[in-house]
Every structure is written in structure tokens, then in C-alpha cells.
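Me: I have a structure to go through with you. Let's take it in short questions.

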Amino acid sequence: MKRFKNILLVYPCNDGAFERAASLAKSNHAKLTLLRVERELAGTQLITSSGSPALKLQDLVIKE
């Protein structure tokens with residue numbers, strides 16, 4: 001069986017999905033990442049702590 005290396009779980013999720021993802025991560029010695037998506041606030045722009053625009057942050061995440 002092919003092993004998982006990385007598991008992404010979108011939050012909020014039901015308890016069953018979280019337990020399954022945690023179990024898969026543990027049994028495969030995989031990295032479990034939780035992603036919480038918030039709605040965009042009108043008239044605002046996401047800025048990172050270093051002052052880089054959100055698109056720069058997105059590029060860094062894609063490279064990772």
C-alpha cells in the first residue's frame with residue numbers, strides 16, 4: 001500500500017474526518033496540516049507580518 005506523506009484537512013470538519021485524518025497521519029508517519037478558510041473581508045488586503053502582500057505569501061507556500 002502506498003503511504004501518505006502529507007495530509008491536508010480543511011477545517012471546520014466533522015469529528016469523523018478529523019479522527020480519520022489523524023489516524024492516517026499516525027499510521028503513515030505523515031504530516032497533518034489543518035487549513036481554516038475564512039471569508040474575505042470587503043475592503044481589506046491581507047498583509048503578512050513582514051509586510052509582504054498576500055500573493056507573495058501564496059508564492060512562498062506553493063514553493064514549500
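Me: What covers the buried residues of α1?
Reply: This is a predicted model. In α1, the buried residues are A21, L24, A25 and N28. Seen down the helix axis, they fall within an arc of 95°, so they line one face of α1. What covers them includes β1 (6–11) and β2 (31–36).

Me: Which exposed residues does the face of α1 turned away from its buried side carry?
Reply: Exposed means over 50% relative accessible area. On the face of α1 turned away from the buried side, the residues that qualify are D15, E19 and K26.

Me: How far apart are the end C-alpha atoms of α1?
Reply: Helix α1 has 14 residues, 15–28. At 1.5 Å a residue, it should span 20 Å. The model agrees with that, because the end C-alpha atoms are apart by 20 Å.

Me: Is R3 buried or exposed?
Reply: R3 sits in the segment before β1. Its relative accessible area is 53%. The cut-off for exposed is over 50%, so R3 is exposed.

Me: Which backbone oxygen does the side chain of R3 reach?
Reply: Leaving aside neighbours within four places in sequence, R3 is in contact with S27 and N28. Its side chain reaches a backbone oxygen at 3.0 Å. That oxygen belongs to S27.

How values were computed:
Residues numbered from 1 in each chain as written. Predicted model: local features only at pLDDT ≥ 70, side-chain atom pairs only at ≥ 80, totals over all residues. Heavy atoms only, no water. Helix = DSSP H or I, 4+ residues; strand = E, 2+ residues; numbered from the N terminus. Expected span 1.5 Å × (residues − 1). Buried < 20%, exposed > 50% of the residue type's maximum accessible area, 1.4 Å probe, protein only. Arc of directions from axis to C-beta. Contact = heavy atoms within 4.5 Å. Polar contact = N/O pair within 3.5 Å; in protein donor to acceptor, adjacent residues only side chain to side chain.
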